[in-house]
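Thanks for coming, everyone. Please bring the model up on your screens and keep it open while I talk.

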Number of protein chains: 2
Amino acid sequence: MKVLTVTLNPALDRQIFIRNFQVNKLHRVASPDHMVLSPGGKGVNVSIALAKLGIPSIATGFLGGYMGRILIEELRKISNLITTNFVFIKDETRENIAIIDEENHTITEINSPGPSVEDKDLEHLYRRYSMSLSRVEAVVISGSIPECLRSEVYVKLVRMAKEKGVPVFMETRDRHIKVLYEEDSLPLVVKPDFRAEYQLLGREISKVDEFVEAGKELIKRGSELVVMSYQVDKDIIVTENGAWLVRPKCEVDVSHVLGTGDTYVAGMVYKFLSGERDMFEIAKFGYVAALSKTKKAKKELPTLQEIEEFMDKFVVERVV
Amino acid sequence: MKVLTVTLNPALDRQIFIRNFQVNKLHRVASPDHMVLSPGGKGVNVSIALAKLGIPSIATGFLGGYMGRILIEELRKISNLITTNFVFIKDETRENIAIIDEENHTITEINSPGPSVEDKDLEHLYRRYSMSLSRVEAVVISGSIPECLRSEVYVKLVRMAKEKGVPVFMETRDRHIKVLYEEDSLPLVVKPDFRAEYQLLGREISKVDEFVEAGKELIKRGSELVVMSYQVDKDIIVTENGAWLVRPKCEVDVSHVLGTGDTYVAGMVYKFLSGERDMFEIAKFGYVAALSKTKKAKKELPTLQEIEEFMDKFVVERVV
């Protein structure tokens, strides 16, 4: 096993395709392939992207109820390079239903509430995490935390990995990054999830300078690489050696950029596992992986060959 | 075991409560109890209603996929008086999602397609059905047939029961009743399901005379009791001894009448099992059971005591 991915709040993603979807009407789904089920949650998605690159991983976190069982079965179908090691809880795993109307171009979404996680479940997770840590070369901690838990869970997970000398790659919202910063427990690689808001260390950021400034603070406190999405298809990379702006040469379909973050993380982990230790090179490979993902359909992931075709399709500019 | 219920096309019913539901918006479900799962399909519902009356039953039919497994688990939770004996198939059991907006009073429904049933599955069902027949005193065959199958399945099931001398209670649409009539294979008790259209033996019916006429034809061909819903809360009962119109003394909430059909069937079966052989008395008890159901919340069923409280709350008028 090479990688451990942690998803504390996974979701079962469901897409239902209905033409001319309207409120207060009865709709019949035309055929079984108009209802698509797939495992979701950022850590789980990284495991899937890694499997596409031939990298075996252990996926852990919390799963529960009917939705949890469907998720784990669907995940096992995707690749035998993914080993599941989830803690089973009483409550239902999140179910995210998207009703897609391709005629009127609407997406109506219904997201179920996240589960409650009891103290004994959390202790159980720490034990499994600790055991898995000794079997892997890298940890990915990605996504949100169930509402009943606090950011301190991430602090503990990062510290446990550090104690065993296992590097952590993390993509999550500033709410948690800020706590990790304050608790002096930053992971090796930080990728803030800006989908909800452009904020880092509690500050609104919009100019390149502000991104670089915040990134540098994370580096000072122990991270070795900070990658930040900037203006949709551009990225800002900060290491102890400087800061860079990366942008594609080719035009990118903006609607395809969403959801490339998990491929980005998988790309970085892949490069790290191949022996690369220059953090800038690791970031660039993640960026290229994400760029190649923008050319794929929503649920499809790039192969290594497809990523390599994009190696010369971006421009780097040093900003500091 | 007392009763065998057959549901060829069961469904997992899901109610999702969302205030101010709108197309093209993201909705978060407020709490887990705003998402309700329950087993559905007419035969399954009769088993549940019988269990409430203390009558054990075997539920059979086809179940498949994730939805089938959720349905069977939820059914087992409801009562240990229900023994499940379904044939498992490859395709997903139907899932009927109702998005209920109590603020704007809308119900938006999404019904998934029914499964395909292969020949070997059908043969498997006939074998299980045949074995169960020798263990029961009555059979209930209720509801629709998966689209890939023809009405001849019902002909065969009724004939098999008749050969073993087991009486059949059936509620289904005219499409199937007409074939049973033509094939001279009518069950003991017929309750046409008029929810989609008021039609019997291929003819539109609206006047009392027309109901009675069609009912008599079914009696002539071998049924002993025909019960027909007429103008929402009234019923027409036809036996070899005559025809009656039954109506409630009290006012009935019309919106509560839908879905009382399964309680009606359970009531008739209950009366039959108690030794009653006067078909008019059997029909009246079914009517009273349905009447008491109209006073209950959507998914709640009446107890025997609650049914008996309605014994004097209806009026019978002989029409022939």
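I will go through the chain relation, a sheet, a pair of hairpin strands with their neighbour, and a helix.

First, a caution. This is a predicted model.

Start with the two chains. Chain B superposes on chain A by a rotation of 180 degrees, with 0.0 Å of shift along the axis. The RMSD is 0.1 Å. That is the relation of a two-fold axis. The same surface serves both copies: 100% of the contact residues of chain B recur in chain A. Which residue of chain B comes closest to the rotation axis? B:Val23 does, with its C-alpha at 3.3 Å.

Now the sheet. It is open, with five strands, and the order is β4(A)-β2(A)-β8(A)-β9(A)-β3(B). The pairing is mixed. From one strand to the next, the twist averages 15 degrees.

Look inside that sheet. β2(A), residues 11-17, runs parallel to β8(A), residues 94-101, and seven bridges join them. A:Leu12 stands opposite A:Glu95 in β8(A). Helix α2 of chain A, residues 65-78, packs on this sheet. Helix α2 touches β2, β4 and β8 of chain A. Its direction makes about 85 degrees with that of β4(A).

Next, chain B, and strand β17, residues 242-248. Is β17(B) mostly covered or mostly open? Mostly covered: six of its seven residues are buried. It has β16(B), residues 234-239, as an antiparallel partner over five bridges. A hairpin through two residues joins β16(B) to β17(B). In that pairing, B:Val238 stands opposite B:Ala243. β17(B) also pairs with β18(B), residues 314-318, again antiparallel and over five bridges. There, B:Arg247 has B:Val315 as its bridge partner.

Last, helix α7 of chain A, residues 261-273. Now burial. In α7(A), 12 of the 13 residues are buried, so the helix is largely enclosed by the rest of the structure. Among them are A:Asp262, A:Tyr264, A:Tyr270 and A:Phe272. Just after α7(A), A:Gly275 takes a positive phi of about 110 degrees.

That is the tour. Questions, please.

Key: Residues are numbered from 1 along each chain as its sequence is written. Chains are lettered from A and ligands numbered from 1 in the order in which they are written. This is a predicted model: local features need pLDDT of at least 70, side-chain atom pairs count only at pLDDT 80 or more; totals for chains, interfaces and linings use all residues. Side-chain values use heavy atoms; hydrogens and water are left out. Buried means under 20% relative accessible area, exposed over 50%, partly exposed in between (1.4 Å probe, protein chains only). Helices (H or I, at least four residues) and strands (E, at least two) are DSSP runs, numbered from the N terminus. Two strands pair if DSSP finds at least two bridges between them. Copies are superposed by least squares on the C-alpha atoms of residues with pLDDT of at least 70 in both. Contact means heavy atoms within 4.5 Å. Axes are lines fitted to C-alpha atoms, for helices over the stretch in contact, and angles run from 0 to 180 degrees between N-to-C directions.
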